[in-house]
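Dear colleague,

Please find the structure below, handed over for your review.

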Amino acid sequence: MQRHISYLQKHQYITRSRIGNFLSDSQWNDVNIQPALYDLKVSGEPYIKLEVWSAPGQERPPFKHAVKQKYRPAKAGQDFGPSWTTHWFHIAVDIPKSFEGKPVQFLFDTNSEAMVWSADGEPIVGLTGGGGIERHVDYLLTPCASAHEPTRTFYIEMACNGLFGNGNYTQRPQDREIYYRLSNAEIVAPNKEAWALFHDVEVISEMATRLSQETPRYWQALKAANSIVNVFEHSDSSTIAPAREIAREFFKAQGGDSNHQVYAIGNCHIDTAWLWPFAETKRKAARSWSTQLNLMEDYPEYRFAASQAQQFEWLKENYPTLFKRIQDKAKSGQFIPIGGTWVEMDCNIPSGESLARQFLLGQRFFKQHFGEICDVFWLPDTFGYSSQLPQIVRLSGAKYFFTQKLSWNNINKFPNTTFRWVGLDGSHVLTHMTPAETYGAQCRPGELIDSVKRHKDIAYSNESLYLFGNGDGGGGPLRAMLERLRRMENVDGLPKVHQAHPREFYKHVEETANELVSWKGELYFELHRGTYTSQSNNKRWNRQSEFLLRDTELLCTVACTGSSDDNEYNYPFEELTRLWKLVCLNQFHDVVPGSSINMVYRDSDKIYSDIFGSVEKLRQGALEHIYGNHFIPSKPNLASELAVVNTTEWMRSSIVAVPDSISGRFKQQSGSGTVQVRDNDGAVLALAANVAGFSSQMVDLERNANDKFIVEHPLSIVQNSDGCFELENRFVRVTVNQTGQIVSYYDIEESRELVPKGETANFFELYDDVPVYWDAWDIEIYNLEKFKSLDGAQVAISDQGPLVASLSVRLPISDQSVLNQTISLSAISPRLDFDCNVDWHENRKCLKVSFTWDIYSDVATYETQYGVVQRPTHRNTSWDMAKFEVCAHKFADLSEFGYGVALLNDCKYGHSTLENTMTLTLLRSPKSPDEYCDMGKHEFRYALYPHKGCFNESNVVQEAYHFNVPLLKLPTASQSSVNLADAAHSQYIRPGNHSPFFSLSGARNVVLDTVKMAEDDKRSFIVRMYEAYGGHACALLSTKLPAYGLEKVNILEEPMESDDGDDLNWLPYSKATKIRFKPFEVVSLKFSF
């Protein structure tokens, strides 16, 4: 009788627990495999001498500075801090003779992040202390020690932050004072065979956990792992070899030809800022990537991908030798720059031009420093994907797309894994979402098994991408991962694994897959909907910076093309590129969405201040060059008249506030009906009427006095007997009740009431805003069930015309918060404007404003990048319901046949439309990761714009541009004081006396969005346009700028052929060309001069 027979089949759970205990560094670590992992260990003097220098404050000094400082003795067990400080250790190591013939490592655990530097200043390897799967505290001193090893000296730069900032960000502020303990500093000799056995058992034991019990392979794995435990004896190293032989026999069994093929690629997703500031990311990239370079030496099959050109540029500036090593490994194919963008950006908030610049900056960097552009758009972690991305990706030289974030959806499971994503214009990119559903896989059998189980398109493509390595805070793959991956390359029970460039995967799919499904339109992310609103001021400054750069590039281009040898204007290429890099940096997917710690926003505030200051100088310099000193006086007090510059393509009329330097002359006309002094701030208002697109005009008070809007249809504002307020011009009559809500919005020309009886518009509600987990990220649908109506407002007449009539509204939100609003109607438009100032001090509350209309439609129209997207106004299905909060840019529109109303904004992105009620989300108050998120003062504007015709028949796009792009005001010298004879012989343009710089006609659905100088050709400029409504168009574009030829180019400004063979025909005498557009097509033209 066999007395020691195994009964593991009868008690498999117990056996699996036994195997887990065999590996664990916990209760049983004195009798399991743990004691065998190291043959020798020593610590303290005389073997290790530690000295430390602590940098002052939160400085992050470079190596050359740090090594010159005075160091003090240090030892294990000491605490260092507080948070975000830096401490440099000088370390001298003497390896004992007993280590002869063995590999020797130095273990250094600060429970934080650190970097090992050589004595001569080379970054060697990054360290991550503490527990958890990210732990990496070993630095290889020598692969084989000699009997007489020399003293080794090196430095370790300790950063007082963990891989994920400073502790649990959901519970405590991230800039609180935390101290980190140097818990370990020792010399060890690892037992290579014991470690190999450890990795053997890791793989086999997890196969015994994740494989189906209905398969023989499950039982084979369980038996092999159990047998290894039986054979191994921790005190007898001779038992390692027979234990490993059991493992080798198990791994000999290989999979069949029909097995699923996994293409594995290492990566360490590094958030450019999140729970740490930008400055720390610079060090994270160096720590993470230096570690990967070391692994490549030991694992020639290893392939590692890294994205975000910004991080590469930081590395190039701060760690030039490390950058050179990466370039060398990129040439050999092991280090793979990928993605094509400046950062891994948010794809909801940035404008279309911002997304284009992400690719332009990123692809140019990769081409310049690595010899090729990226054909894979790599964005594993962002909060939704715009429907225009496929077109932008294709126009940027890429054709493949990778992500995985939609696996986080909290309502519907996205139905595809490998598919063709079709954008608004019909462009498509081959798209893959890893079925392992993570970019931080740990190289474990269960993840490979999931790659098959969760693959939703395996009938068409029996292969998938697999991203492994610690991420978000960096770190990347560890040696243990690569060891496990080697064991899983081709073993029965698991998919086959092959390390490869992602391009290899996509090309193979293109060649072999058939009948791939398509997904049309946006990839809406059913989570993190609060990121449309959190950090309100940051979003406002993002919008402003986008439009300021737009205007500045246009004016600088006009100045440059009109310059002469006598008065040359140098286009500020370097400075504009620097500013665009800053804008794109702040559009990283944890910055502009509002999900970073407070210190990130302190940094971004400084960045925006830098942008605004520089743009103002550049814009003013360009205007002075265009219009010259004949018309623009050198000192403000010498100006007496006002010119306005229209940087949009459409003729427009606007009420402008006259600059203080010349307001005195205008104020003298305040009783004439052409000038008004605003009540709340004393600003002088004047009418700038019929200003041509891309042109300028003098503000003419005498002409304005005869304007029909003012003379024939005077503006009025009165308070009725029932206490309501009526604002009326020739277009509309608006009635506002005593609580600031609109009870009537009557279109006089159409004889149409817009507000249903018993309903209101401009109705404020304060909602509970407590998500399931992700505080700054999420707005949950159940929050819509719990709210308080805000109707305790005080309303008074503020301005009474003749240009603007307005009401002032004071609305208490709570005991801590208040909203002050000015509701304005001008004499020249049916648009009703709302200027808001909010003092906001709430805790997990959300402020929304709603508008109910007598309009019914199954869909509402929302602006997105370079176009619009329609979304349902009902919640018939779970897919409809999931879009209870959606993203839009400058407007949302609700239209039926013949009529509609647009809700415009200057910095808000969170919208919803349920049936006939439109809602704009204004402010949130989450407490993590930034405990001060949105606390304090806010300014923002929104407007209502009723229009005849449905959206496609309207000029809503034009009106939204005008709402966001004000006329530029240019104080000028009196025309009578200018020597017109001298001015006529100068190159300068007289304000208000020139033809438009550009003119676009024949297609009101086409928007001329961007004008800039070409990147690599100082005698060319770029004009970028797009079709905005979803229809074909044939537009006639003309320009007064010098130009003798043009060609169609992509976003990278490379020539491209017309799809339909309709070549551009430049007419040099009329300086015009016809351009055909497909629905939502983006067209870039390169003009030579």
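Four elements each supply at least two residues of the lining of the largest cavity: helix H9 (352-370), helix H14 (536-561), strand S40 (859-864) and strand S50 (1006-1013). Helices (H or I, at least four residues) and strands (E, at least two) are DSSP runs, numbered from the N terminus. H14 gives the largest share of this lining, five residues. A cavity is a set of points, on a 1 Å grid over the protein atoms alone, where a 1.4 Å probe fits but cannot get out, and its lining residues have an atom within 4 Å of a point.

This is a predicted model, in which local features need pLDDT of at least 70 and side-chain atom pairs count only at pLDDT 80 or more, while totals for chains, interfaces and linings use all residues. Residues are numbered from 1 along each chain as its sequence is written, and side-chain values use heavy atoms, with hydrogens and water left out.

The largest cavity has a volume of about 240 Å³, a volume being the space filled by probe spheres set on the points, which are joined across faces, edges and corners. Its lining comprises 22 residues, of which Ser-351, Gly-352, Phe-547, Lys-890 and Asp-1009 lie nearest the centre. By class, seven are nonpolar, six polar and nine charged; Ala, Val, Leu, Ile, Met, Phe, Trp, Tyr, Cys and Pro count as nonpolar, Asp, Glu, Lys and Arg as charged, and the others, Gly among them, as polar.

The second largest cavity holds about 140 Å³ of space and is lined by 20 residues, with Asn-348, Glu-522, Thr-864, Arg-871 and Cys-887 nearest its centre. S40, strand S41 (867-872) and strand S42 (886-887) give two or more residues to this lining, which divides into 10 nonpolar, seven polar and three charged residues.

The largest nonpolar core has 205 residues, of which Trp-289, Phe-312, Tyr-466, Phe-468, Phe-998, Met-1025 and Leu-1037 touch the most other members. Such a core is a set of buried Ala, Val, Leu, Ile, Met, Phe, Trp, Tyr and Cys residues joined through side-chain atoms within 4.5 Å. Helix H16 (residues 598-631) contributes the largest share, 12 residues. Another core, of 68 residues, lies apart from it and includes Ile-717 and Tyr-899.

Finally, Arg-990 is found in the loop between helix H22 (980-984) and strand S49 (998-1001). Arg-990 counts as partly exposed because its relative accessibility is 28%; buried means under 20% relative accessible area, exposed over 50%, and partly exposed in between (1.4 Å probe, protein chains only).

With kind regards

Key. 1 Å grid on protein atoms, 1.4 Å probe; cavity = no way out; pocket = protein on both sides within 12 Å on 5 of 7 lines; lining within 4 Å.
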